[in-house]
Amino acid sequence: MKQLKLLLLLCFISVLGLAQNVTLSGYIKDKASGEALIAATCYLPEIQTGVISNAYGFYSITVPKGNYNISFSYIGYKTQTSSFQLNEDQQLTILMEEDTEQLEEILVTSERKDRNVESTDMSMEKVSMKLVKKLPSFMGEVDVLKTITLLPGIQSGGEGSSGLYVRGGGPDENLLILDEAPVYNASHLMGFFSVFNSDAIKDIQVYKGGIPSEFGGKASSVIDIRMKDGNSKEFHADAGIGSISSRLTLQGPVIKDKWSYIISGRRTYADVVGRLAGLDALKNNSLYFYDLNLKTNIQLNDNNRIFISGYTGDDNFSLGESIYMKWGNRTGTVRWNHIFGNRLFSNTSVIYSKYDYNLGVPEGGADQFDWSSKIRDLNIKEDFTWFMNSENQIDFGINFIYHHFEPGNIKTGDNSFYTDLNLTNYNALENSIYVSNEQKIGTRFSMKYGIRLSIFQQIGEGKVREYMNPDAPSAYEVTDIKTYKKWEKIDNPFINIEPRFSIKYTLDSESSVKASYNRMVQNLHLISNTNSPTPLDIWLPTSKYIKPLIADQIAVGYFRNFKNNAFETSAELYYKNMKNVLDYKDGAELFLNEDLETELLTGTGYSYGLELLMKKQEGRITGWASYTLAKTMRKIPGINDGKAYPSAYDRTHDVSLVVNYELSKRFTLSGNWVFATGNPTTYPIAKYDVQGNTVYQYAKRNSNRIPDYHRLDLSLTYDPKKNENRKIKRTLNLSLYNVYARRNAYSVSFRQNEDNPMVSEATRLSIIGSIIPAITYNFNF
């Protein structure tokens with residue numbers, strides 16, 4: 001009885017305490033366009049507490065009743081400070097003006113200047129789109145993913161590759177999402193460009209560690225890309241004409257301040273220009289890509305908003321009547337934001353994603369065929385954010401995903417000497433639930449802790465082969481083939497608990513220390529024997545023979561700013577342990593193989609490293625320098641006699657230097673220099689003549705390296721700025737890619753010397769070996 005009375009007393013005290021508090025909530029937006037500002041800050045200096053806006057610009061803070069000076073700030077915008085008498089709950093939408101003096105400078109980040117010190121997040125970077133557009137570009141096409149590779153811990157797959165290696169992870173271990181929809185192949189033109197049109201992008205956040213509980217499904221990183229919502233104030237157009245492509249973006253209100261839209265398109269036109277110029281080589285051939293982004297944003301009332309966005313893009317290549325290849329992505333997202341009261345924010349999402357490709361020979365010949373493959377997702381999410389009080393923000397949600405895989409189908413014509421072939425299709429359900437809390441304890445200490453439960457279940461319709469030895473399946477030991485009906489469960493589900501934890505302690509106003517731990521589970525696997533994604537890669541689900549990849553990562557870091565946050569520095573150490581890592585048998589055959597699991601080997605891996613970063617965030621000279629020292633190893637029975645060997649993604653040293661110099665109000669010079677240790681490879685160490693044929697004996701797996709990679713790029717941007725009030729504004733950008741014409745090796749192979757067959761010589765394959773200039777004319781009104 002006494003315990004019941006005590007409990008009732010505690011409840012009464014809690015309710016009484018809540019009654020003395022009030023909540024200020026609303027949205028923080030750009031005054032000129034109405035675009036929501038992500039991670040803008042609302043701060044109350046009297047009680048030294050604050051909150052940042054979420055991905056939709058919403059903020060909510062609960063404080064004791066009283067009078068406060070409340071400051072709203074966002075990098076590149078004028079800080080707004082006003083006095084408020086908070087005696088009851090209030091809703092307040094803040095419209096922030098851009099700071100023209102800051103806009104004269106090139107902003108390195110879109111965050112508040114001290115966020116790297118004060119935020120609980122670590123191993124996370126936000127990328128400024130203003131900066132992306134100023135950096136040197138390949139063939140005049142600004143590329144979001146190429147900019148990300150200039151950050152520490154993130155390496156490029158090499159020349160002509162859109163693959164990313166994040167802290168020793170493979171290119172399939174990165175969750176690339178566009179308005180929450182996964183993008184499975186982000187490359188155009190075999191990897192020279194990415195599918196993300198910079199004119200349509202508002203915000204980019206990259207998580208390498210300390211990954212929030214709301215994200216899952218990939219083992220190494222999350223790259224969260226958000227499209228613009230569309231200008232809700234007035235019509236705007238942006239366009240650019242470049243060396244190989246042009247783009248156009250239109251945005252404006254349907255109903256001012258209530259309903260907006262954005263349409264953004266891009267297409268290369270080398271094939272069209274070539275035909276017009278009368279080039280015979282392009283008369284019957286084609287090589288181009290296009291992107292189209294669409295989005296509309298409807299504010300139903302103060303508590304309800306609807307967002308509908310979509311993307312479609314394709315690459316098309318054809319060589320007359322000889323061969324054709326086509327690949328592309330389709331995504332669609334419908335989101336409903338609803339605010340319950342003034343502290344509970346919800347987002348309901350229905351998401352569609354598809355990647356497919358076709359390769360074949362046109363009809364009419366004896367060698368006619370069409371090979372197709374695809375992966376398709378349907379995703380339903382429900383996410384909540386409860387702004388409990390000024391010390392606690394709780395995120396929780398649930399997610400249901402249906403995956404459909406078609407590894408390969410071949411269709412042939414009546415006169416073709418090929419035969420039809422249909423590989424087994426796969427289906428799976430991937431469900432998850434998560435909860436996390438970001439908690440402040442005093443003015444110096446904060447932490448974020450959470451947990452994610454993932455359940456992966458392979459389902460029918462489909463077929464599963466049974467092997468004599470399931471732990472080491474062999475194509476020659478198939479004992480049975482089981483058939484499963486549609487939606488029928490195949491074997492037991494894979495259930496995994498994924499804890500997440502981050503902690504931050506502020507040493508003083510300019511420095512802090514942080515630590516994090518996260519477990520990530522990946523159930524979708526890219527089957528490819530190349531180091532970078534290609535259009536013809538195959539995705540397979542976790543199954544009886546392919547276990548989920550599990551990665552545990554810990555990291556610690558020291559963060560320090562100097563000269564009133566003008567300079568930002570950080571040092572991070574990380575260690576990642578990986579289980580159920582896939583690799584391939586020597587001589588593995590992956591092409592149209594019904595028994596792919598028999599070509600795979602499973603083992604463990606680990607990666608560790610040091611990441612250093614220094615940024616200069618303001619002034620006429622801005623930029624950053626980053627350095628990564630890392631090691632990534634694999635240990636897989638059946639490879640290298642069971643001994644550890646370097647992963648294909650192992651890069652010992654990686655250096656990036658990025659500089660932007662405002663020469664004058666009209667001219668800006670930008671440059672970047674990159675250096676990376678050469679990729680691991682395996683060279684032959686001996687050769688034999690067997691009945692007139694040369695047979696090579698190779699060294700241990702990945703015991704050699706191709707030559708180191710380095711490259712310098714420069715760009716000069718001219719902005720007339722004759723009349724700031726004129727409606728049409730223009731810029732002209734000149735880029736020089738690979739300034740000193742470095743012939744970086746893509747691969748190294750060996751062949752017999754023509755003059756002396758007893759001698760083997762190395763040959764270097766270089767994708768680019770000369771300087772590549774480009775000019776782009778941009779204008780908007």
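1. Strands here are DSSP runs of at least two residues, numbered from the N terminus, and in this predicted model strand S1 covers residues 21-30, with Asp 30 lying in it. Asp 30 has a relative accessible area of 6% and is buried, because buried means under 20%. Apart from its neighbours within four places in sequence, Asp 30 is in contact with Glu 35, Leu 37, Tyr 77, Met 96 and Glu 98.

2. Glu 35, one of those contacts of Asp 30, also counts as buried, at 9% relative accessibility. Its side chain meets that of Lys 202 in a salt bridge, at 3.4 Å from N to O, and this pair links distant parts of the chain, since Glu 35 sits in the loop between S1 and S2 while Lys 202 is in strand S16, 167 residues apart. Glu 35 and Lys 202 also belong to a network of salt bridges, whose other members include Asp 179, Glu 180, Asp 229 and Lys 295.

3. The structure holds 34 salt bridges, and two further examples may be set side by side. Lys 208 pairs with Glu 611, the closest N and O atoms being 3.0 Å apart; here Lys 208 is in the loop between S16 and S17, Glu 611 is in strand S38, and 403 residues separate them. Both Lys 208 and Glu 611 are buried. In the other example, Lys 233 and Asp 257 have their closest N and O atoms 2.8 Å apart, and Lys 233 is partly exposed at 22% relative accessible area, as is Asp 257 at 35%.

4. The largest nonpolar core has 41 residues, and those that touch the most other members are Ile 148, Leu 178, Phe 196, Ile 204, Ile 223 and Ile 225. Among the elements that give two or more residues to this core are helix H4, helix H5, strand S16, strand S17 and strand S42. Leaving out residues up to four places away in sequence, Ile 223 touches Ile 148, Leu 164, Leu 175, Leu 176, Ile 177, Ile 204, Gln 205 and Val 206. A second, separate core of 30 residues includes Val 361, Ile 527, Leu 540 and Ile 546.

5. An open sheet of four strands runs in the order S3-S2-S5-S6 with antiparallel pairing, and its edge strands, S3 (49-52) and S6 (80-86), each pair on one side only. The twist from one strand to the next averages 25°. Within this sheet, strands S2 and S5 pair in the antiparallel sense over three bridges, and the bridge partner of Cys 42 in S5 is Phe 72.

Key. Residues numbered from 1 in each chain as written. Predicted model: local features only at pLDDT ≥ 70, side-chain atom pairs only at ≥ 80, totals over all residues. Heavy atoms only, no water. Core = buried A, V, L, I, M, F, W, Y, C linked by side-chain atoms within 4.5 Å. Buried < 20%, exposed > 50% of the residue type's maximum accessible area, 1.4 Å probe, protein only. Contact = heavy atoms within 4.5 Å. Pairing = 2+ DSSP bridges. Axes fitted to C-alpha atoms, helices over the stretch in contact; angles between N-to-C directions. Salt bridge = Lys/Arg side-chain N within 4 Å of Asp/Glu carboxyl O.
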